[in-house]
Amino acid sequence: MEYIVSARKYRPMSFDTVVGQSALTTTLKNAVKSGKLAHAYLFCGPRGVGKTTCARIFAKAINCQNPTAEGEACNECESCQSFNEQRSLNIFELDAASNNSVEHIKTLMEQTRIPPQLGKYKVFIIDEVHMLSTAAFNAFLKTLEEPPAHVIFILATTEKHKILPTILSRCQIYDFERMTVANTIDHLKHVAEKEGIGYEEEALAVIAEKADGGMRDALSIFDQAASFCQGNITYQKVIEDLNVLDSEYYFRLVDYALENKVSEAMVLLNDIINKGFDGGLLVQGLAKHVRNVLMAKDPQTLPLLEVSAQQCQRYQEQAQRCPTPFLYKSLQVMNQCDLGYRQSSNKRLLVELTLIEVAQITQPDEGPASGRRPRRLKSLFKQLIKQSQPQTAAPQVAVAATPSQTKEPVQPASPAVTVPSAKDSTPGEPTPAVAPPQKVKAGSLGLSWNNLRKSANRKMTILPGTVGADQNIENEESAFTQDDLELQWMSMCNRMPQKLVGIATRMKNMTPVITELPKVEVVVGNELIQAEMEKIRGSIQNTLKIYLHNSGIELSIRVDEHREEVKILTRGEQFDEMLKANPSVGKLREIFDLELA
């Protein structure tokens with residue numbers, strides 16, 4: 001016996017067997033019952049949702065000699081039997097993809113003149129009508145607008161936007177819906193029972209999701225899975241056959257993120273990539289999973305989940321454990337990853353950073369709260385930091401320690417000082433009582449603007465408006481270099497308050513210069529900037545005195561003297577200058593009667 005694929009074998013033969021288009025089929029049945037038939041119909045919608053099938057059923061019902069009370073064909077009259085045996089002379093099908101020229105349309109128009117031999121109407125079904133050329137459409141217009149009384153056109157297309165508006169205005173338009181996952185699963189169950197194939201509902205749900213709303217695609221995938229599973233369709237077999245990532249990975253990734261288990265997430269990502277799955281598809285699938293979890297939190301949005309009943313239960317269970325802000329932030333992070341994935345040169349690193357950031361959303365922020373947005377890549381390798389702390393921990397650092405505050409003699413400071421507040425402290429020296437001891441963390445080692453800012457805040461903040469020009473400065477005369485001056489200048493600019501952010505930004509582009517140690521000069525671009533800096537000159541000077549440990553620093557501010565602009569002379573002006581410098585040039589011009597070019 002010849003094998004027939006399920007998409008053809010189980011093709012609907014009546015309106016009642018059409019899946020997922022109940023509103024549309026009801027309208028067509030009512031039109032058949034009442035006899036109020038239009039001369040042209042347009043069926044449009046995604047692939048594999050039943051456009052051509054409904055066109056054939058409708059054409060069959062139109063010509064049925066004894067239609068039922070519901071508007072269905074009787075399947076017993078001569079017209080129905082000839083249609084079922086594919087020998088009907090009243091129903092014509094034309095594939096516009098291969099018959100799209102003006103000549104084909106003209107041939108079709110000639111056939112419309114011949115009345116039907118059996119039944120009331122001649123029905124012309126034109127599939128993929130958007131493939132007709134513009135000239136063919138124009139040749140079709142007049143006949144489509146005023147066809148003979150015995151002619152009905154049924155046009156089918158997947159791309160309605162490509163059809164001319166003049167064609168659309170002459171048709172009754174029916175928009176077919178995408179198949180829902182629930183409808184697809186029910187139909188696949190029916191087919192499996194008819195074929196005697198065992199199945200798991202989760203496996204059919206995977207097939208329905210893979211079909212993306214097309215029943216024909218779902219039946220094709222079903223046949224493929226049935227061949228692979230040898231009569232028993234299971235979830236594991238289906239995901240293996242279709243190369244679909246198991247949804248269990250998504251549930252585990254979300255659980256790891258809630259528990260801030262970054263290492264476990266990285267291991268799981270490596271396992272997924274080793275199985276041949278692309279990182280971009282993983283991010284897209286995880287984003288869809290998180291969206292489903294978000295929909296499962298509210299009973300009102302629960303119907304939006306196009307999954308099986310068992311999967312829906314799992315989504316609800318995980319939704320109870322997930323805070324709503326975590327889900328919102330996760331979707332935002334993964335959306336940014338999806339947007340930048342194609343342009344990224346290191347795609348795996350981008351996916352890893354995305355998972356790290358998602359896994360740290362629920363982790364408390366480290367350090368005191370500040371006005372700036374906290375960085376999300378927090379202590380990832382905490383164990384490594386803990387191991388390195390005993391080796392890198394420095395002695396207790398005294399803050400703003402001076403000889404007058406210590407009982408023991410102060411040893412000379414090491415020249416390789418990286419933190420300004422620790423300049424006057426030495427190993428083994430008791431901590432002064434001025435400020436509590438500060439522990440050196442592994443993340444604070446090295447010289448950076450953040451470290452300088454933290455160190456400065458531990459001593460005292462020299463900011464305009466809080467410290468006057470008459471602040472008491474310790475009597476120190478330490479020498480400093482140009483590099484030290486520029487370093488403390490930039491650090492001071494970074495510490496300035498928000499209300500002075502404008503002048504602080506300008507000051508970052510200035511370079512203070514040591515004119516005669518310890519005198520410092522700053523050159524500004526204009527008098528307005530000079531006036532602004534003069535208002536806070538005392539505080540700037542005191543700040544430099546403290547952080548450079550020199551009480552003799554004097555700060556001067558002057559405006560840059562612009563050089564006189566050199567005028568570019570024309571050739572005539574150049575010649576006049578030559579005449580003034582050498583009168584003989586003029587005599588030479590008169591002798592030879594020369595003219596200036």
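Two strands count as paired if DSSP finds at least two bridges between them. Helices (H or I, at least four residues) and strands (E, at least two) are DSSP runs, numbered from the N terminus. The model is predicted, so local features need pLDDT of at least 70 and side-chain atom pairs count only at pLDDT 80 or more, whereas totals for chains, interfaces and linings use all residues. Residues are numbered from 1 along each chain as its sequence is written, and side-chain values use heavy atoms, with hydrogens and water left out.

**Stop 1: the hairpin**

Select residues 513-516, which form strand 8, together with residues 519-524, which form strand 9. The two strands pair in the antiparallel sense over three bridges. A hairpin of two residues links strand 8 to strand 9. Display Glu516 next: its bridge partner in strand 9 is Lys519.

**Stop 2: the whole chain**

Of its 597 residues, 41% count as buried; buried means under 20% relative accessible area, exposed over 50%, and partly exposed in between (1.4 Å probe, protein chains only). Contact, here and below, means heavy atoms within 4.5 Å. Among contacts between residues at least 6 apart in sequence, 71% join residues at least 24 apart.

**Stop 3**

In general, strands of a sheet pair through backbone hydrogen bonds, either parallel or antiparallel. Which order do the strands of the open sheet of five follow? The order is 2-3-4-1-5, with parallel pairing. Strand 2 (91-95) and strand 5 (172-175) stand at the edges with a single partner strand each, so one side of each has no neighbour in the sheet. Neighbouring strands of this sheet are turned by 15 degrees against each other on average, direction ignored. Axes are lines fitted to C-alpha atoms, for helices over the stretch in contact, and angles run from 0 to 180 degrees between N-to-C directions.

Within the sheet, select strand 1 (residues 40-44) and strand 4 (residues 151-157), which run parallel and are joined by five bridges. Phe43 stands opposite Ala156 in strand 4.

Leaving aside neighbours within four places in sequence, Val102 is in contact with Ala135, Ala136 and Ala139. Val102 and Phe140 are 38 residues apart in sequence, and their C-alpha atoms are 8.6 Å apart in space.

**Stop 4: helix 9 and helix 11**

Select helix 9 (residues 201-211) and helix 11 (residues 235-242), whose axes come within 7 Å and cross at roughly 30 degrees. Angles under 35 degrees count as roughly parallel, over 145 as roughly antiparallel, 65 to 115 as roughly perpendicular and the rest as oblique. Helix 9 and helix 11 are therefore roughly parallel to each other. Helix 9 passes helix 11 in a right-handed crossing; a crossing is right-handed if the near helix is turned clockwise from the far one by less than a right angle, and left-handed if anticlockwise.

Show the side chains of Glu202, Ala203, Val206, Ile207 and Lys210 in helix 9, which meet Tyr235, Val238, Ile239 and Leu242 in helix 11. The residues of this contact divide into seven nonpolar, no polar and two charged. Ala, Val, Leu, Ile, Met, Phe, Trp, Tyr, Cys and Pro count as nonpolar, Asp, Glu, Lys and Arg as charged, and the others, Gly among them, as polar.

**Stop 5: helix 20 and helix 23**

Move to helix 20 (residues 482-495) and helix 23 (residues 537-548), whose axes come within 10 Å and cross at roughly 125 degrees. These two helices, helix 20 and helix 23, are therefore oblique to each other, and their crossing is right-handed. From helix 20, Asp484, Leu485, Gln488, Trp489, Met492 and Arg495 meet Ile540, Thr543, Leu544, Tyr547 and Leu548 in helix 23. This contact divides into seven nonpolar, two polar and two charged residues.

**Stop 6: two loop residues**

Select Glu76, in the loop between helix 3 (51-63) and helix 4 (78-84). Is Glu76 buried or exposed? At 64% relative accessibility, Glu76 counts as exposed. Glu76 and Asn66 are ten residues apart in sequence and 8.3 Å apart in space, C-alpha to C-alpha.

Finish at Arg342, in the loop between helix 16 (324-341) and helix 17 (347-359). Arg342 has 72% relative accessibility and therefore counts as exposed. The C-alpha atoms of Arg342 and Gly280 are separated by 8.5 Å, while the two residues are 62 apart along the chain.
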